[in-house]
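Subject: Handover of a structure and its findings

Dear colleague,

Please find below the structure that I am handing over to you. My notes on what was found in it follow directly after.

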Amino acid sequence: MDAAIKAFAPEGVNVWWETLREPNFERDDSLLAMPPHGDHGWPRGAAGVPCGPFYVKDCSLFGFAMFNASIREQRPAANAINRWVTKGKLKARIDRVLPLSQAAEAHRLQEEATVLKTGALAGKIVLKP
């Protein structure tokens with residue numbers, strides 16, 4: 001995937017939105033553009049942020065937890081996301097679709113991929129009733 005990102009954006013991407021439980025900041029930094037465009041968002045609680053690479057690129061790091069925002073604060077973001085999905089500008093990366101009866105299997109797969117770092121998933125799991 002890194003090769004595809006570099007082919008698409010040889011100078012680096014302007015924004016990297018990190019959603020991994022344990023981010024790989026060295027990798028992320030290698031994909032960021034030089035100033036004034038490199039911004040990086042990561043989940044609150046991320047530890048071990050290597051400041052050096054971000055410092056020399058003059059990048060910004062932003063952290064947040066969505067659940068700290070009120071419904072009123074979340075509404076504009078939700079509306080924008082819905083518009084982008086409707087227009088085909090934003091697509092969720094789905095790894096697999098499972099019936100609701102396999103919810104336990106979905107939890108097992110998620111735990112394997114995140115806690116055990118097996119790399120078993122390359123996107124979200126969708127449960128269908």
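Is K117 buried or exposed? With a relative accessible area of 53%, K117 is exposed, because a residue counts as exposed over 50%. Please bear in mind that this is a predicted model.

Most residues other than glycine have a negative phi.

Overall organisation

The chain contains 5 helices and 5 strands. Followed along the sequence, they give the pattern α-β-α-β-α-β-α-β-α-β. Of the 129 residues in the chain, 22% count as buried. The chain exposes about 9500 Å², and 59% of this comes from carbon and sulfur atoms. Among the contacts in the chain with a separation of 6 or more, 44% are accounted for by residues 24 or more positions apart.

The β-α-β unit

Strand 4 covers residues 94–99 and strand 5 covers residues 124–128; the two pair in the parallel sense over 5 bridges. Within this pairing, V126 in strand 5 is the bridge partner of V97. Together with helix 5 (residues 103–114), strand 4 and strand 5 make a right-handed β-α-β unit.

In soluble globular proteins, nonpolar side chains tend to be buried together. Here, the largest nonpolar core has 7 residues, namely I5, A9, V13, W16, L31, L32 and C59. Another core, of 6 residues, lies apart from it and includes L98, A106, A113 and I125.

Salt bridges

The structure holds 4 salt bridges. In one of them, R27 pairs with D2, and the closest N and O atoms are 2.6 Å apart. R27 belongs to helix 2 (residues 25–31) and D2 to helix 1 (residues 2–8), so the pair ties together parts that are 25 residues apart in sequence. D2 counts as partly exposed, at 27% relative accessibility.

R96 forms a salt bridge with D95, again with the closest N and O atoms 2.6 Å apart. R96 is partly exposed at 29% relative accessibility, and D95 is partly exposed with a relative accessible area of 26%.

In helix 5, where do the side chains of E112 and R108 stand relative to each other? They are separated by about one helical turn, because the two residues are 4 residues apart in that helix. Their side chains meet in a salt bridge of 2.2 Å, N to O. E112 counts as partly exposed at 23% relative accessibility, while R108 is partly exposed with a relative accessible area of 39%. E105 joins this pair, as E105, R108 and E112 are linked in a network of salt bridges.

Yours sincerely

Terms used. Residues numbered from 1 in each chain as written. Predicted model: local features only at pLDDT ≥ 70, side-chain atom pairs only at ≥ 80, totals over all residues. Heavy atoms only, no water. Pairing = 2+ DSSP bridges. Right-handed = clockwise from strand over helix to strand, strands pointing away. Core = buried A, V, L, I, M, F, W, Y, C linked by side-chain atoms within 4.5 Å. Buried < 20%, exposed > 50% of the residue type's maximum accessible area, 1.4 Å probe, protein only. Contact = heavy atoms within 4.5 Å. Areas by Shrake-Rupley, 256 points an atom, 1.4 Å probe, with all protein chains shown as cover.
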